[in-house]
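User: Let us go through this entry by question and answer. Please start with the conventions needed to read it.

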Amino acid sequence: MGPGEGEDAAPSNIFAPFMNPTCGLLMAWQYTGTNQKSAAELDWLAKIQMDPLYNAEDLQGFTHTHEMKLLDKFLQKKDNLFHEEHGWKCSSVSFHLPKEKACFRTEADAPSITVDGIYHRDLTDVIKSAFEDSEHSFHMTPFIQHWKINEHHTVDVFSESFASPEMIDAYKEVNALPQEPGDELERVVAGLMVWLDSTHLASFGDALMWPFYLFFANQSKYTWCKPSAQACHHVAYIPTTSCR
């Protein structure tokens, strides 16, 4: 091999296709190990490394297992975000189950199961917190929309939840209630829309959780679909359990 031959394979040029060695290492991470890493995950990893709080020296001795133990320990303290002082409560729920090929005289005689570790918040706390947030734009007075095609033909337009017949009827019902003497406060309706989905907690294994999350019908549907609007409010986290 003559002078200069094979230089492309030298360690100093192994990252030649990329902007710099750092970008090359990120691309190497992307295409090693599991094949479930997406381009969006790689971009997010790069953004984390550009954060002013990120310090590569802090990774000395880092392991996922150790950090998870620290997280579990933190959740036992009163200053964690899920503590009761922050509106979150942890409860247990017991309920009776049916049993195949078995009859019971009363429901109390049926086998029961208790689910522990259910984190939840009061709906009134969620409503109060959302309405006090000045960044949220709420439509407090419902209205009716029409499309006047011509002088003789008008079509009702149904587009937003806060302009629905149900919201208008609820608004009228609330404002028709008797008022206490001296009560001049405005009466409005908070439209709550709650969803429950199964969420896979990891890219491997079968760890699942069922989060309850809430949207307000007082906001536009175009606001709901913007993650930056923070229009989704978490209400509860239901762990999975087994009867075995």
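Analyst: Helices (H or I, at least four residues) and strands (E, at least two) are DSSP runs, numbered from the N terminus. The model is predicted, so local features need pLDDT of at least 70 and side-chain atom pairs count only at pLDDT 80 or more, while totals for chains, interfaces and linings use all residues. Residues are numbered from 1 along each chain as its sequence is written, and side-chain values use heavy atoms, with hydrogens and water left out.

User: Which pattern does the protein chain follow along the sequence?

Analyst: The protein chain has six helices and eight strands. Taken in sequence order, these elements give α-α-α-β-β-α-β-β-α-β-β-β-α-β.

User: What share of the residues in the protein chain is buried?

Analyst: Buried means under 20% relative accessible area, exposed means over 50%, and partly exposed lies in between (1.4 Å probe, protein chains only). Of the 244 residues in the protein chain, the buried share is 18%.

User: What percentage of the contacts with a separation of 6 or more joins residues 24 or more positions apart?

Analyst: A contact means heavy atoms within 4.5 Å. Among contacts in the protein chain with a separation of 6 or more, the share from residues 24 or more positions apart is 45%.

User: How is α1 oriented to α2: roughly parallel, roughly antiparallel, roughly perpendicular or oblique?

Analyst: Axes are lines fitted to C-alpha atoms, for helices over the stretch in contact, and angles run from 0 to 180 degrees between N-to-C directions. The axes of α1 (residues 21–30) and α2 (residues 39–49) come within 10 Å and cross at roughly 140 degrees. Angles under 35 degrees count as roughly parallel, over 145 as roughly antiparallel, 65 to 115 as roughly perpendicular and the rest as oblique. Therefore α1 is, relative to α2, oblique.

User: How many residues in the contact of α1 with α2 are nonpolar, polar and charged?

Analyst: From α1, the contact is made by Leu26, Met27, Trp29 and Gln30, and from α2 by Ala39, Leu42, Leu45, Ala46 and Gln49. Ala, Val, Leu, Ile, Met, Phe, Trp, Tyr, Cys and Pro count as nonpolar, Asp, Glu, Lys and Arg as charged, and the others, Gly among them, as polar. The contact residues divide into seven nonpolar, two polar and no charged.

User: How many disulfides does the structure hold?

Analyst: A disulfide is a pair of cysteine sulfur atoms within 2.5 Å. Cysteine 90 is partly exposed at a relative accessible area of 43%, and cysteine 103 is exposed at 80%. The number of disulfides in the structure is zero.

User: Near what value is phi of lysine 101?

Analyst: Lysine 101 sits in the loop between β1 (88–96) and β2 (112–121). Lysine 101 is exposed, because its relative accessible area is 84%. Its phi is positive, in a residue other than glycine, and near 60 degrees.

User: And near what value is phi of glutamine 230?

Analyst: Glutamine 230 belongs to the loop between α6 and β8 (233–239). Glutamine 230 counts as exposed, because its relative accessibility is 55%. Phi of glutamine 230 is also a positive value in a residue other than glycine, near 50 degrees.

User: Leaving aside neighbours within four places in sequence, which residues are in contact with threonine 223?

Analyst: Threonine 223 is part of helix α6 (residues 221–224). Threonine 223 is buried, because its relative accessible area is 17%. With neighbours within four places in sequence left aside, its contacts are Ala229 and Ala231.

User: How far apart in space are tyrosine 119 and proline 239, C-alpha to C-alpha?

Analyst: Tyrosine 119 lies in strand β2 and is partly exposed, with a relative accessible area of 29%. Tyrosine 119 and proline 239 are 120 residues apart in sequence, and their C-alpha to C-alpha distance in space is 8.9 Å.
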